[in-house]
Each structure stands twice: as structure tokens, then as C-alpha cells.
Amino acid sequence: MPKLLLLDADVIIDLHTLGLFGKIIKAYDICLTREVFEEAKYYKKDGAKIEIDLKDVTIIDNVDLENLRCVQREAKKAMLGIDPGESTSMAYLIQTNEEIT
């Protein structure tokens, strides 16, 4: 199954809100950095706050610190606001040799 790295918790939240996360997880091995996993807690539907269950995803914990620092430096130079989930995801993309969609 192809791997799909979701870079930000907002993507997970939106997929749940739209009812599409189940379809995506059937087609891909969903990968998340620990930070993205921890940020994606709830979504709202019809005014109700619903907890997100991410039991069938791969959690990435081994993000290289130097790659993370590089991403943060580049974001700062470009004057971009970047949250921890996005920065760890991009750092992982730098370090991995795996084919990830």
C-alpha cells in the first residue's frame, strides 16, 4: 500500500469533517509525525465536538534534530509561520529515503 504523509493536523481534521478520512485510510498507509498526531484531537460536525480516533496510522517519532533545525531556519528566513507538526513533517521528508506520497 502506498504511504501518505499528512503534514498538518488541519488536513486530518478537515478529512474527518468531510467524512473522507475512512476512504483515504483504505487507500494509503497514513503516516504522521508524533506532533501532527497529538495536534489532531477533535473535529466538529453538526455543532458537536467529536474525538478523532487515529489507531490505524503509522506514527513517526525519529525525526532528525538537524533536519528539524534546518526547516525552522528556512521558514524563519522566508518569514513563514510554521507549526511543530508541519516542521517535523518536512524534516522527516528531508531525511527519509522511503517513497512517500
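Good morning. The model is predicted, so local features are taken only at pLDDT of at least 70 and side-chain atom pairs only at pLDDT 80 or more, while totals for chains, interfaces and linings use all residues. Residues are numbered from 1 along each chain as its sequence is written, and side-chain values use heavy atoms, with hydrogens and water left out.

I begin with confidence. The pLDDT, the predictor's confidence in each residue from 0 to 100, has a mean of 93 for the protein, and 100% of the residues reach 70 or more. Helices (H or I, at least four residues) and strands (E, at least two) are DSSP runs, numbered from the N terminus.

Strands pair if DSSP finds at least two bridges between them. Three strands form an open, parallel sheet in the order 1-2-5. Its edges are strand 1 (3-5) and strand 5 (58-60), each pairing on one side only. From one strand to the next, the twist averages 30°. Strand 1 is joined to strand 2 by three bridges, and Leu5 has Cys31 of strand 2 as its bridge partner.

Helix 5, residues 84-95, lies across strands 1, 2 and 5, at about 115° to strand 2. Such angles run from 0 to 180 degrees between N-to-C directions, with axes fitted to C-alpha atoms, for helices over the stretch in contact.

I turn to the hairpin. Strand 3 and strand 4 (residues 48-51) run antiparallel and are joined by four bridges. Two residues lie between these strands, and Asp46 takes a positive phi near 50°. Lys49 of strand 4 is the bridge partner of Lys44. Lys49 also lies over the face of Tyr42, 4.5 Å from the ring centre; the criterion is NZ of Lys or CZ of Arg within 6 Å of the ring centre and within 35 degrees of the ring normal.

Beyond its neighbours within four places in sequence, Tyr43 is in contact (heavy atoms within 4.5 Å) with residues including Ile13, His16, Thr17 and Ile50. Ile12 lies 31 residues from Tyr43 in sequence and 8.9 Å away in space, C-alpha to C-alpha.
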